[in-house]
Amino acid sequence: MTEPRTSAVEGLEDLFAVLDRVPFVAGVKRDAGRLRRLLYERRPARLVVVGHGKSGRSTLLNLLMDRAVLPTGDDDALCDGDWIGVDAYGSRVSWLELSPGTDAALLGRAIREGGPDAVIALIEVEASDARATLRLARDLARDEGRVPVLVVLAQTDRVAPRRARELSRDLAEQATELGLPSSRVFSVSAPTRSGVTVFADALIEALPRCAQLESARAMPCARASRLRIAREIVRASGSLAVTVALVPLPLSDVAFLAPLQVAMVSSVAHLAGRAWDRETISEWAASVGFVGGAGFGMRWGAQQLVKLVPGAGSFISAGIAGAGTAALGKSAIAWFLEREV
Ligand SMILES: Nc1nc2c(ncn2[C@@H]2O[C@H](COP(=O)(O)OP(=O)(O)OP(=O)(O)O)[C@@H](O)[C@H]2O)c(=O)[nH]1
Ligand SMILES: [Mg+2]
């Protein structure tokens, strides 16, 4: 299931339809495929977290999203075995908490409702038995095909650093013995937030492409992932734009470039957690005039800025194709992502 289209991505539909019919070289097909999965087929990640009750599962999601999106501690526990669709101001994740003791029928139902993109095995430092958690995570991942499993040692602040390192090593050994695909262990502590960024970036990298963009938006600490994905979008958009200049297409350059560039810049803004509205657009466009205007050989006036609104006509003159697209993308990255503190 894909997401409802935003207007910025709508124009891409025609673009992809045309690309499907044109006999392009493999590289272009690859760029188009990448963009399609990242932007057009994007959806929130479906994450399953396996761990004993009160091990810190909901806390982990709150840390990743940098917001109290789920109740923790003595608040009402979330029902084992129910998917929760989290949407916090456009930051979206589907989350399912399971414990090793989850009833098999419930488990089957939950997985039938939506296969996970990744399984997190979460073991709290004072847990007496990690095996049951690791085994369930492994079995879920196996049943679903090649789903990545990430092992987390939680609440590391509750033991001495040395003890945490020992526990992490033990856990890695157990994961290997049980045949888990990766035996890397991520140590995380809520009060200090230590390990959260490293884990968030590893998690996003392990997800299928179609779930990466929404996840990077939802997890503000994953700055490396945001930059990586944004650069990938800009690279792919730039090389597609070059193709437009070289290959005769059953579309005019402007009809092709406009949706591509709007989708590219709006996706970078989206990655940074911004809404693609008039305020965001004007702010960025002003930065282009200031920072990169010379590179484009043009300055945009207020009237031209209005044209940046998705669907409102020509975004940029046809003369600016590949290099212009790449420069626009880089300026969007600089403005929306590299400026973040
Ligand atoms: N010291 C410390 N406490 C933590 C940490 N992570 C979670 N906790 C506490 O552990 C308790 C349980 O955390 P939750 O996130 O609710 O755990 P859960 O696995 O979702 O629990 P239920 O869904 O209610 O079964 C809460 O009181 C948290 O504040 C941590 O890293 N360090
Ligand atoms: Mg919980």
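I120 touches L47, V48, V49, V50, L150 and V152, leaving aside residues up to four places away in sequence. Here, contact means that two C-beta atoms, placed from the backbone, lie within 7 Å. The model is predicted: local features need pLDDT of at least 70, side-chain atom pairs count only at pLDDT 80 or more, and totals for chains, interfaces and linings use all residues. Residues are numbered from 1 along each chain as its sequence is written, while chains are lettered from A and ligands numbered from 1 in the order in which they are written.

The protein has 13 helices and six strands. These are DSSP runs, numbered from the N terminus (helices: H or I, at least four residues; strands: E, at least two). Of the 341 residues, 42% count as buried. A residue is buried if 20 or more other C-beta atoms lie within 10 Å of its own, exposed if 12 or fewer, and partly exposed in between. Among contacts between residues at least 6 apart in sequence, 73% join residues at least 24 apart.

The largest nonpolar core holds 88 residues, of which V50, V119, I120, A121, V152 and V268 touch the most other members. Such a core is a set of buried Ala, Val, Leu, Ile, Met, Phe, Trp, Tyr and Cys residues joined through C-beta atoms within 7 Å. Helix α10 (residues 253–271) gives the most to this core, with 10 residues. Domain 1 (7–41 + 222–338) and domain 2 (45–216) both give residues to this core, so it lies between them. The domain bounds come from an automatic or database domain assignment.

The six strands of an open sheet follow the order β2-β3-β1-β4-β5-β6, with mixed pairing. Strands pair if DSSP finds at least two bridges between them.

Strands β4 (residues 118–124) and β5 (residues 149–154) run parallel and are joined by six bridges. In this pair, I123 has L153 of β5 as its bridge partner. Helix α6 (residues 161–177) packs on the sheet and touches β4, β5 and β6; its direction makes about 155° with that of β5. Helix α8 also packs on the sheet, touching β1 (45–50) and β3 (91–98), and its direction makes about 95° with that of β3. Helix α8 (residues 209–218) is mostly covered, with nine of its 10 residues buried. Among them are C210, L213, E214 and R217.

Strand β5 is mostly covered too: six of its six residues are buried. In a regular strand the side chains alternate between the two faces of the sheet. From β5, V149, V151 and L153 point one way, and L150, V152 and A154 point the other way. V152 is the bridge partner of L122. The chain crosses from β4 through α5 to β5 in a right-handed β-α-β crossover. Right-handed means that, with the strands pointing away from the viewer, the path from the first strand over the helix to the second runs clockwise. On to the next strand, β5 and β6 pair in the parallel sense over four bridges. L153 has S187 as its bridge partner in β6. The crossover from β5 through α6 to β6 is right-handed as well.

L134 lies in helix α5 (residues 131–143). Is L134 buried or exposed? L134 counts as buried because it has 24 C-beta neighbours inside 10 Å. Its contacts are A121, Q174, A175, L178 and L180, not counting residues up to four places away in sequence. L134 and V149 are 15 residues apart in sequence and 9.1 Å apart in space, C-alpha to C-alpha.

Most residues other than glycine have a negative phi. D66, not a glycine, has a positive phi of about 60°. D66 is found in the loop between α3 (57–65) and β2 (83–88). With 17 C-beta neighbours inside 10 Å, D66 is partly exposed. R193 also has a positive phi, near 60°. R193 lies in the loop between β6 (185–188) and α7 (196–206). R193 is exposed, with 12 other C-beta atoms within 10 Å.

Conventions. Axes are lines fitted to C-alpha atoms, for helices over the stretch in contact, and angles run from 0 to 180 degrees between N-to-C directions.
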